[in-house]
Each structure stands twice: as structure tokens, then as C-alpha cells.
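Please examine the sequence and the model with care before reading on. The paragraphs below proceed from the domains to the details.

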Amino acid sequence: MARCPDDTEDLVAAELAELEALAEAMSEDEVEGVPPVSGPQDWE
Amino acid sequence: MSAVASAKERIEAATRATERLNPTLNAYLHLDLEGARAAAAEQDAIDAARGAGGAPDPARPLAGMPVCVKDIVDVAAMPTTAGAADWVRHPEADATVVARLRAAGAVVVGKGNTNEFACGIDGRNPHKGDCRNPYDPERLSGGSSSGPAAAVAAGMAEGGIGTDTSGSIRVPAALCGVVGIRPTRGLVPAEGIVPLAWSLDSVGPLARDVVAAALLLDVLAGRPPAPAPRPDVDGLRLGLATALLDRSATPVADAIEGTADALREAGAEILDAALPDLRRATAIHRIVQTTEVAAAHAPWFARRRDLYAPEVRARIEPGYRLRAAHYLRAQRHRRLFTRAFAATMEGLDAILVPASPVLAPRTGEEEIVVRGRRRGVRSALLSCVAPFSQLDCPAVSVPAGLREGLPVGLQLIGRPGSEALLLRIAAAVEANAGPLPPPSI
């Protein structure tokens, strides 16, 4: 379970890179006009 | 346990199981057996004073029920450690949900194990020791509400209180063979609970059967108990997520398909549910959760990041470096996913999905082979729950039987506020599966 700090830095960097790539892959065009708040209106 | 058993008898049964099994299972991190006995005596004294001949007290629907509370939930006079290395608070007051439990007559036996800060899905904890699965202590209990699930499965409690951000009630419920409810978000208050991700967290119950879980939910929600759910699916239209079954281990898929057949025979119409893009949904969920967890942990993380387990630190720290634009874009896509899922639900009463695509993995396994494909254990355990966690809707995991001696959990997902309907369906699943044989540990 224990890893040395350098390994942890690698894990953090890898996770960040993956999350950034996932976010960049989400189209802005698809969400034009969509506010970042969900609610019951989405079920009506 | 008989309905007329005294509080003392119920607490003593839980205490005996705890003294015998907790050294192996590590379901409880903190115990107050003396306090539990005293609280049970108080409940029996109230019953004796009522003189109602053992009839249930409507004002105390949980009278004498021994409960395990996940150790991120404050219980007065017990430490809250969140399963972390060197983090503790000593609350003077109960969390709102604990106060409601006690007012309803429940007895808190102790604080249940959890992944560090509830940040994990496997029930492993390098600081406090792993929680083990009662059906096979060499296998994962699931988490992060690992302690409550294992305690209930092993008879160390009759009810549990957990939290579910990405699947942390449903997965341990599935792997340990108990009922777990992720309520409609906001139905159950989160005051006095260590947050993980504010827009995803949901507080809910675990129990041995559907009736007890439903009763606990009503108490947690602060509303009068509804009539016990009856198994009735006649005329319901249920969507079966066949795409997820195809990616599940064969014993899991077989158990759920068999359950779907039984529900069809009981009068439900079973249809193929075409789910929205779950890969995108998982990406959205990861970005939202990572950012919110980082924000929630900021003060402590800034001082003691060295105390976090490497895997947990690696899941939190990127949240400080993601840009606000990423978070907001993910939240906007989350709303699109919600709309797409609502469209999937049109004409359906609920969706049937595995709670876990695999039987409980062995402790120490980092990868698992499912239908010839190698998958990370963490990724597999999250795959059927995390995508749906960003909806505001409720989900129930109910045992669908044992396969290879291990429980299979069926997940029922419905519209916001549809807990009563889901519990009706869960009762039908439970009636079909019958009571699970207790763990032989």
C-alpha cells in the first residue's frame, strides 16, 4: 500500500492529465444555453 | 429476530455477534456496548411504562433496533475519525440523522468502518484496517460504507447509516448481501456529516431486508413511517440495462436476468433500456467529484497532505489544479445527461441495473477479468453506480441471491421522489430471491 512520494506525484499528474483530457473532450457547443444547475425541471 | 423481542435481547444479539466477529471483519472502528445496553434498557423501560403488551409504539418505530453509523457521521460522545490517519473530531451533538434515529428508539452500537474520508469504493483502509466481507473475509466488503454493510450482514447491527457519493451505499450493500438505499438527493439531511462532494452526496440506510430499510429511510427523512412495502410489480414497466449485463460477470448477469424473468411472471413488463452514454457520464462524474472533494478538504489537505494514503491523495490533489471552466463544463454536461436519462425513463417506472458487475473481488486484487476482459477492480466496482450518482434520483440495491456463495445486488433506479415505488419492486425481488443464507463465518 505504501508508496514513496515520487510515486504519488506521478499518480497525481497522471490523474490530472486524464481529467483535463476528459474535460477538453466535452463539447462547448453541445451545452450552449445550458446552465450548470440541474433540478426537477429536467424530469418534466 | 422476532418482532416482539425486547430491546435488550436485540442489543445482546448484536453484541454477541460483534464480540465474536468484529476482530475478523473490522466493521466497527468504535464501539459503545455499555452505552448501547443502557439505551436498550431505556427503550424497554418506556415500553413497560406504556403497558401496551408489546405492541409497536408509533412514536418510536425503531425502538430497540441496533444501528451501526458510518464513521463520517457525528454521534455525540463518540469520536468521528472519517477513517483517516490522524483526523478526529469529538462532536457534542448528534448529526441530524442520528438525532432522528435516537428519537425513533434506535440504539447506536458504534461507528462503522469507511474508506479514508469516504473516498473509495472497495472498503479498504490502510489507516484503520480493511473491512472484510462476512461472506468471505478474504474478499472486499465494498465501500465506502463498508462497516455498516458488513455489520448488518453479519448480525452485528440490524440497521446501518451510510453515505453514497459515487455508489458508497449500493456497492457494499451488493457485495455484503444487504439492502441499501441512495435516496433522492436532499431528502435526508447531511448536517453533522463529513462531506465528500456536496452536489453528489446522499445519506441513506442499509438493512437486512426491504421493510427495515424503508422504515429507516422514513425516519432519516423525518417523516411518519409509510406502510411496509409490499411486493407488487403488476403492471409496472421496467427497463433492463442489457448493455451493462453484457459487461457483467456471468453469475451476476444470470442472477439479474433470472430476477427479471421472475418480475415478468409477477406481472411486470420488462423492456430493454437504452441508456445514455455512460462513458461520458463517468467522465462528468469524475471531474465534478474531484473538484468538490478538493474544495471540501482544502483546509486539512493544505496542512497535512502527507497523511493521506497515496491513492486518496492522487484522487483529491488534481482537484486543486483543474480549472473552474472544466468544472462548470462538466456540470453543464451533467445536466444534459440528466435530461437524456429522463428521456430513457419515459414510459418506464424504473431501470434494473447490476449494483456491481462482479461478485466481491478478493482483497489485494487490483485487476479482475470479466468475460475475458481485464478491468481494474475500482473501475469495475464504480461502473454501474457512478454514472447514475449525478442524477438527483433514488437508487436501491437489493440482494438478488447468492452465486458461488457470494451475494449479487440488483440496483433499481427511478425518478426523483420514487423511493416508495422502488421499494415495492425491491420487495418483489426479495420475495423471489428469498432470505439470503447468513454468512457462515
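Domain bounds, as used here, come from an automatic or database domain assignment. For chain B, this assignment gives domain 1 (1-277 + 333-441) and domain 2 (279-327). The centres of domain 1 of chain B and domain 2 of chain B, taken over C-alpha atoms, are separated by 25 Å. Their contact takes 25 residues from domain 1 of chain B and 17 residues from domain 2 of chain B; two residues are in contact if their C-beta atoms, placed from the backbone, lie within 7 Å. By class, the side of domain 1 of chain B that touches domain 2 of chain B has 14 nonpolar, 7 polar and 4 charged residues. Here Ala, Val, Leu, Ile, Met, Phe, Trp, Tyr, Cys and Pro count as nonpolar, Asp, Glu, Lys and Arg as charged, and the others, Gly among them, as polar.

The model is predicted: local features need pLDDT of at least 70, side-chain atom pairs count only at pLDDT 80 or more, and totals for chains, interfaces and linings use all residues. Residues are numbered from 1 along each chain as its sequence is written, while chains are lettered from A and ligands numbered from 1 in the order in which they are written. Chain B averages a pLDDT (the predictor's confidence in each residue, from 0 to 100) of 96, and 99% of its residues score at least 70. For the complex, the predictor gives an ipTM of 0.85 and a pTM of 0.96.

Between the chains, 23 residues of chain A are in contact with 30 residues of chain B. The side of chain A that touches chain B consists of 14 nonpolar, 2 polar and 7 charged residues.

Consider next helix 8 (residues 250-265) of chain B; helices (H or I, at least four residues) and strands (E, at least two) are DSSP runs, numbered from the N terminus. Among the buried residues of helix 8 of chain B are B:V252, B:I256 and B:L263. A residue is buried if 20 or more other C-beta atoms lie within 10 Å of its own, exposed if 12 or fewer, and partly exposed in between, with C-beta atoms placed from the backbone. On the other side of helix 8 of chain B, B:T250, B:D261 and B:E265 are exposed.

Finally, B:S397 lies in strand 14 (residues 395-403) of chain B. Why does B:S397 count as buried? The reason is that B:S397 has 36 C-beta neighbours inside 10 Å.

Technical notes. The expected span of a helix is 1.5 Å times one less than its number of residues.
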